Amino acid sequence: MKQNLLPPLIKKKYDTVAFQKFLKISIALLLISRLFILNFTKIPDVLGQRFELTTPITSLKKLKEGLYLFQHGLDPYEGGLYTQAPLLLFLYHILSYLPKIFESLLYTTCDGLIAYYIYHISIYRKKNQLSLYWVKSAPENKFSTDTENAVIDSDNDSEQELKVPPQKLGIKKNNKLFKDISSQRPVDILLNPLLVVTIYLVNPFTILSCLSKSTIIFNNLAYVLAIHFAIKKNINLSMFFAALGSYLSFYSFVIVGPCLLFLIENKNDSFKKKKIIAEAIGLYIVYVASLLGVSYLLLGSFRFLKAFYGVVLSISDLTPNIGHYWYFFTEIFEHFRIFFLWVFQLHIIIFVVPSILKFKEQPLFLTLVVTSLISQLKTYPSVGDVALYMIFIPMYQELFKYMTYPFYTLNFFLYSISFEPLMYDLWIWQGTGNANFLFIINLIFNIAQILLLTDTIHAFLKREHERHYPEFRGKELAWK
């Protein structure tokens, strides 16, 4: 079977020493600027009030209100004022006795750790990029006279299509300038992990999420760590951080699926696969129970289960956010509420489970898909959730050439981001609008996310189809 496979055509780019140094300096400056703004300006206080960046589940203001009650011997979950994880109270209880710079260092360090482990995940993706073989459609050494497939390797590693047959240029068939790509394999740029890290740190969603001091950053760190240790086949740490992510943000339990696939990757023995899966699920349950147990010891009751996870599942807090559940449950009749709660919560299973079954052979791409789905389907989404799945998109840069609607998707994002603050201001502060203004712009923002996800999936499936079926390469397919 090996003789029927061809390696990918890779073009080295963005890997010069000067460019690598530039990326490293940029990463350092981006982290230092975060620390400076967090510690020496009032920008975090302003951003912390924005509904796009924080929710009742991730707001630092809500956390400090709960901390005040906790430090004065009162139940922070009484009356529904505090709706976050109990262990965050313990963390900020320690920080309250330290200088302000330690809080700023905490958020900067979390972003830096996420960037560090993204780098290692990108290295895994780079190896994966080099290992994906293409099915051969013609003898490997046969020269192709098809001018659409002829490629010249120039000194600067750029490829140029010939507009006339090589014979008319006076070039012999066996000229070493030519290489056979009669199978029409695409020429991909080799992934640069440092560039992926830089894109993450320069992403406006990432910057705003960090500077607003949203507690979603702790969930994002646990999420990335779970993936990293699953790739490294460290079952204990992977399941611990998956459990921690689920504890901090309920819907993060979906990461268990991709982690299990990473853990059993390259394992041929079915019995060993089942053993690893059973052990991982058992460890995940133990770690979740342990975290809940520690929370009980800290507070002396399980009231936080209803006050935290109950709010997430019942959507009892209708504070506006970038999602659409708050609007729907504001307008709906009360006797329909329970029915639609079940319908919306079941959407997680309806979309995530088929995705796991479809992309079980590509766990990293599956991670992108399920993370994007959760950012759109969770009850209290924020910009930090969008930044989380956008981590993985630059790792699949070879899909960009297959995308159908990148221009429209970008414009949808720019349009919705530009008008979101305006619509909120017209409704809440000016009083010249209503909730419909904000809902419509939120709808456009979610349409942009749907377009991005569906276009990425379509590009991935199209590329995989061309990789396995040479006769369809370079042709437009009608998907039914």
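Biologist: How many nonpolar, polar and charged residues does the lining of the largest cavity have?

Modeller: The model is a predicted one. By class, the lining of its largest cavity has 11 nonpolar, 6 polar and 1 charged residues. Helix H8 gives the most to the lining of the largest cavity, namely 3 residues.

The elements that give two or more residues to the lining of the second largest cavity are H8, helix H15 (363-377) and H16. Helix H15 provides the largest share of that lining, 3 residues. Sorted by class, the lining of the second largest cavity has 5 nonpolar, 5 polar and 2 charged residues.

Helix H16 leads on to a contact between helices. Two packed helices are described by the angle between their axes and the distance between the axes. For helix H7 (residues 204-211) and helix H16 (residues 383-390), the angle is about 135° and the axes are 8 Å apart. That angle makes H7 oblique to H16. The crossing in which H7 passes H16 is left-handed. On the H7 side, the residues in contact are Phe-205, Thr-206 and Ser-209, and they meet Val-383, Gly-384, Val-386, Ala-387 and Met-390 in H16. The residues of this contact of H7 with H16 divide into 5 nonpolar, 3 polar and no charged.

Phe-205 and Met-390 both take part in that contact. They can now be followed to the largest pocket, which has a volume of about 920 Å³. Of the 38 residues that line the largest pocket, the closest to its centre are Asn-203, Phe-205, Met-390, Phe-413 and Ile-417. Helices H6 (193-202), H7, H16, H17 (406-430) and H18 (435-468) each supply at least two residues of the lining of this pocket. Helix H17 contributes the largest share, 9 residues. By class, the lining of the largest pocket has 29 nonpolar, 5 polar and 4 charged residues.

The two helices H17 and H18 also pack against each other: their axes come within 8 Å and cross at roughly 160°. Since angles over 145 degrees count as roughly antiparallel, H17 and H18 are therefore roughly antiparallel to each other. Their crossing is left-handed. The contact of H17 with H18 has 20 nonpolar, 4 polar and 2 charged residues.

About 750 Å³ of space lies in the second largest pocket. There are 29 residues that line the second largest pocket, and Glu-265, Lys-360, Glu-361, Gln-362 and Pro-363 are the closest to its centre. The elements that give two or more residues to this lining are helix H5 (100-131), helix H10 (256-263), helix H14 (337-358), H15 and H18. By class, the lining of the second largest pocket has 13 nonpolar, 6 polar and 10 charged residues.

Helix H5 has a packing partner of its own. Helix H1 (residues 17-40) and H5 pack at an angle of about 150°, with their axes 9 Å apart. That angle makes H1 roughly antiparallel to H5. The crossing of H1 and H5 is right-handed. From H1, the residues Leu-31, Arg-34, Leu-35, Leu-38 and Asn-39 meet residues in H5, among them Lys-100, Ile-101, Tyr-107 and Asp-111. By class, the residues of the contact of H1 with H5 divide into 6 nonpolar, 4 polar and 3 charged.

Conventions. Residues numbered from 1 in each chain as written. Predicted model: local features only at pLDDT ≥ 70, side-chain atom pairs only at ≥ 80, totals over all residues. Heavy atoms only, no water. Axes fitted to C-alpha atoms, helices over the stretch in contact; angles between N-to-C directions. Helix = DSSP H or I, 4+ residues; strand = E, 2+ residues; numbered from the N terminus. Parallel < 35°, antiparallel > 145°, perpendicular 65-115°, else oblique. Left-handed = near helix turned anticlockwise from the far one by under 90°. Contact = heavy atoms within 4.5 Å. Nonpolar A, V, L, I, M, F, W, Y, C, P; charged D, E, K, R; others polar. 1 Å grid on protein atoms, 1.4 Å probe; cavity = no way out; pocket = protein on both sides within 12 Å on 5 of 7 lines; lining within 4 Å. Points joined across faces, edges and corners; volume = space filled by probe spheres on them.
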